Amino acid sequence: GKANVQFQNVLKIDENHLPALIGLAEIAERRQNMKALLSLTQRIARLDPGNIDARARLGKFYMIGGDPAAALDQAEAALSRDPDHIGARALKAAILIKLGDRDQALALAQRVMIDDPGNPDAAAVVATAQANAGDYDGALAVIEEALAVDPTYAVLHIFRINILHNIDRPTEVLGAFESLVRGLPEVSAFRRAYAFELIRQDSLEDAEQQLRAIADLEPDSADAKLDVVRFLYETQGSEAAEQMLRDYILDDPENGALNLALVDFLRGEDRADAAFALLDRLEASKDQPLALRAKNKRAALLYADGSYQDARQILDAIVAADTSNVDAYIRRAALHIDQAAYDEAVGDLRAALGYNPDAFKASILMAAAFEQQGETAFAEAELVRAYEASGKEPVVASAFAKFLVRSKKLERAEQILVGALAAHPRNLETLSLLGRVRLDQQDWHGAQEVAKILQALNAGNAAPVAETLRLSALAGMDDYDGLIAALTARPEFAPLESRPLAALTDAYIEAGRATEAINTLKNVLSSDPDNYDARLLLARAHMATNAEAAAEAALINATDVDASRIEAFGALYNHYMVKGRQKDAAEIVKKGLSANPQSDAMGVLGADYLLSVGNREAAFTRYEALWARMPNDPIVANNFASLAGELRTDPETAQRAFEAAKILTDIDNPYFQDTLGWAHYRIGEYATAGGILEKASAGAPENGEILYHLGAAKVAAGDLASGAATLKTALEKGGQEFRFAGQAQELLEEIEAGGNEL
């Protein structure tokens with residue numbers, strides 16, 4: 001620390017003083033401050049192009065940055081001036097092994113170690129070669145010898161930790177972390193990694209010690225203190241966490257981040273009165289920035305409670321008092337977006353970005369406003385800005401990737417997520433999303449790679465996400481034997497949970513081993529006879545062996561086990577209808593409705609039955625009631641609107657049918673399009689109706705009803721010749737039982753009569 005001050009004083013007098021810059025670079029390297037080290041090294045190389053040490057160090061940065069060609073240029077430039085330079089030779093060896101030239105790299109590194117025993121860069125090359133050959137103990141021995149010479153070389157410590165992880169020596173992993181922290185006690189990042197490993201191995205007291213040490217090392221970091229608070233909350237409960245947080249606040253009473261964290265804590269503990277009382281005190285602070293932050297927090301809490309007007313008034317007041325308050329602009333923009341006031345939102349966000357161009361939250365909201373208005377190109381541009389401004393923060397990368405997925409740009413989404421992981425390699429959400437994107441691309445091996453990384457993290461929900469990705473990838477590759485092996489190897493196999501049991505059943509069926517599925521399910525039911533899911537799966541397995549009677553019995557048993565669930569009723573109904581057993585279908589609907597009189601799903605089955613037996617009037621009444629409760633269900637909306645168009649002629653019902661059919665607009669199904677087109681026709685929008693019905697008839701060219709609707713729309717729009725031709729085709733396709741034969745014939749006669757009069 002004293003040396004750092006002296007060097008800085010020299011640079012105040014002469015900013016290009018090379019010895020001072022070199023000294024600061026050495027300090028930065030010892031402190032593992034890579035950002036400062038890179039900047040200083042670049043300055044030294046620029047001021048003194050012949051400085052071989054700077055060349056070698058700069059080459060190392062290029063190599064770490066993934067540019068081995070540029071790194072090799074620097075190494076060769078250094079060696080051209082001094083062929084025996086230890087650092088440049090070690091760097092070249094490291095580059096060669098990265099480029100795959102193992103033999104030359106190993107020979108060069110071994111010569112370096114003869115001249116400089118324990119050289120850490122050369123040791124890393126030799127250890128890498130041995131580890132790649134499977135000689136892990138030999139690699140560890142080389143690393144330990146080098147660390148005995150220089151215990152502060154972090155790369156070797158981390159290499160040793162990774163090897164020990166890979167060969168599953170958890171106790172030695174902790175010892176390696178302890179050595180790393182002892183050698184570099186002031187580097188918080190290493191202590192943080194050590195704490196995570198201690199938590200993973202359930203050494204909670206030692207983990208707490210490390211987190212507290214980080215908070216001591218970073219006295220100005222609220223995040224470090226809050227890490228301790230969060231840890232105590234998870235391990236010792238809310239009382240210990242609150243006490244720790246209040247102790248930190250006592251040491252720093254005006255710390256806004258800590259005080260506002262206490263507000264959030266109190267709110268999370270359902271102590272809203274205490275949270276708002278604390279906000280009252282903070283808002284009265286003489287520290288104006290803290291007071292405004294407290295007001296912003298109050299607005300956020302009111303917004304979360306749905307008190308939009310109160311939140312808006314506070315935000316307006318903040319902006320009036322501080323026209324550069326970026327947080328207030330962003331929060332007010334979120335309110336505008338919720339109320340579909342997109343122009344106002346964009347105005348606030350432009351103001352926020354004007355004061356802080358790197359406010360990535362503003363760019364994310366701007367993208368949301370543009371996307372809501374259909375301006376996807378502008379939305380993407382804002383997300384690019386947010387992604388870069390945030391330093392590829394995981395939350396921004398996830399928002400950007402999800403937007404790209406919605407835009408069907410899966411490859412671009414994958415690129416964004418991979419880039420974010422380069423900066424934040426352990427982020428669970430980013431890894432999970434990358435896995436799902438690769439599954440969507442049917443990149444099964446890529447999804448498995450992500451699953452392996454998640455499994456190694458062993459943090460939070462990583463394990464179940466990893467398993468889901470792994471099992472999905474096996475299913476995607478049709479590796480059903482592998483899928484079965486993976487599922488039956490689960491430690492909780494007996495008794496099985498519903499999701500893995502379903503996956504196992506499907507895997508057995510797809511592998512042509514349905515009998516094994518039946519035996520497994522019977523074993524589950526022998527110990528858990530009320531397992532509803534197992535009975536449903538048993539029916540599926542029986543159907544796969546064409547044992548329809550056994551499948552039916554399993555479903556009936558499921559309805560007896562739990563009549564409040566409707567899956568078995570639905571499966572039985574569909575089975576009976578396919579088999580033409582309408583009486584049995586009616587009975588199962590009756591039984592289901594009796595057990596679940598308020599179930600809309602059972603109501604849909606009842607309405608479908610009425611429709612199937614030709615009782616269209618009763619079906620219409622039922623669907624009308626269902627649509628009132630389920631306006632976003634496309635099947636209910638379609639059937640209500642379709643029956644309304646057939647059974648009712650009054651304008652009010654036609655308008656209601658049109659409102660119902662709107663939900664079908666983006667669904668690529670000719671029968672839904674027919675309903676939508678006819679709904680437009682019924683309210684007099686003939687040209688729009690014709691366009692939609694043309695698309696419907698292209699999807700179902702043999703359907704007489706759709707052709708009749710299209711012909712009628714053409715006639716109404718004044719295209720009599722084409723309309724008449726379409727109506728004749730409708731009659732031909734509809735056949736002798738065509739329900740709309742009379743209406744089609746009547747229209748044709750009207751066209752013919754009109755032509756004769758003309």
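Predicted model: local features only at pLDDT ≥ 70, side-chain atom pairs only at ≥ 80, totals over all residues.
Leaving aside neighbours within four places in sequence, which residues is Lys225 in contact with?

Residues are numbered from 1 along each chain as its sequence is written, and side-chain values use heavy atoms, with hydrogens and water left out.

**Confidence**

Colour by pLDDT: the mean for the protein is 87, and 96% of its residues reach 70 or more. Helix α40 (residues 670–682) has the highest confidence, at a mean of 95, and helix α29 (residues 480–488) the lowest, at 68. Helices here are DSSP runs (H or I, at least four residues), numbered from the N terminus. Next select residues 491–496, where pLDDT stays under 50 and the model has 8 contacts beyond four places in sequence.

**Lys225**

Select Lys225 in helix α14 (residues 222–236). Beyond four places in sequence, Lys225 is in contact (heavy atoms within 4.5 Å) with Ala215, Glu218, Pro219, Asp220, Tyr248 and Leu258. Lys225 is buried but has no salt bridge, and the nearest side chain of opposite charge, Asp252, is 6.1 Å away. Buried means under 20% relative accessible area, exposed over 50%, and partly exposed in between (1.4 Å probe, protein chains only). A salt bridge is a side-chain nitrogen of Lys or Arg within 4 Å of a carboxyl oxygen of Asp or Glu. For charge, Lys and Arg count as positive and Asp and Glu as negative, with His and the chain ends not counted.

**Helix α16 and the cores**

Move to α16 (residues 256–268), which has 13 residues and reaches 18 Å from its first C-alpha to its last. That is close to the 18 Å expected, the expected span being 1.5 Å times one less than the number of residues. Its buried residues, including Leu258, Val263 and Phe265, pack against α14, α15 (238–251), α17 (272–283) and α18 (288–304).

Val263 and Leu156 have the most contacts inside the largest nonpolar core, which has 79 residues. Such a core is a set of buried Ala, Val, Leu, Ile, Met, Phe, Trp, Tyr and Cys residues joined through side-chain atoms within 4.5 Å. Helix α8 (residues 120–132) supplies the largest share of this core, 8 residues. A second, separate core of 56 residues includes Val326, Val346, Leu349 and Ala367.

**Two loop residues**

Select Asp270 in the loop between α16 and α17; its phi is positive, about 60°, although Asp270 is not a glycine. Lys408, in the loop between α24 (394–406) and α25 (410–423), also has a positive phi, of about 65°. Most residues other than glycine have a negative phi. Asp270 is exposed, with a relative accessible area of 72%, and Lys408 is exposed at 72%.

**Salt bridges**

The count comes to 45 salt bridges. In helix α13 (residues 204–217), Arg212 and Glu208 lie 4 residues apart, about one turn of the helix, and their closest N and O atoms are 2.9 Å apart. Arg212 is partly exposed at 31%, whereas Glu208 is buried at 15%.

Go on to helix α23 (residues 376–389), where Glu382 and Arg385 are 3 residues apart and form a salt bridge at 3.3 Å, N to O. Finish with Arg192, Glu218, Asp227 and Arg230, which are linked in a network of salt bridges.

Key
pLDDT = per-residue confidence, 0-100.
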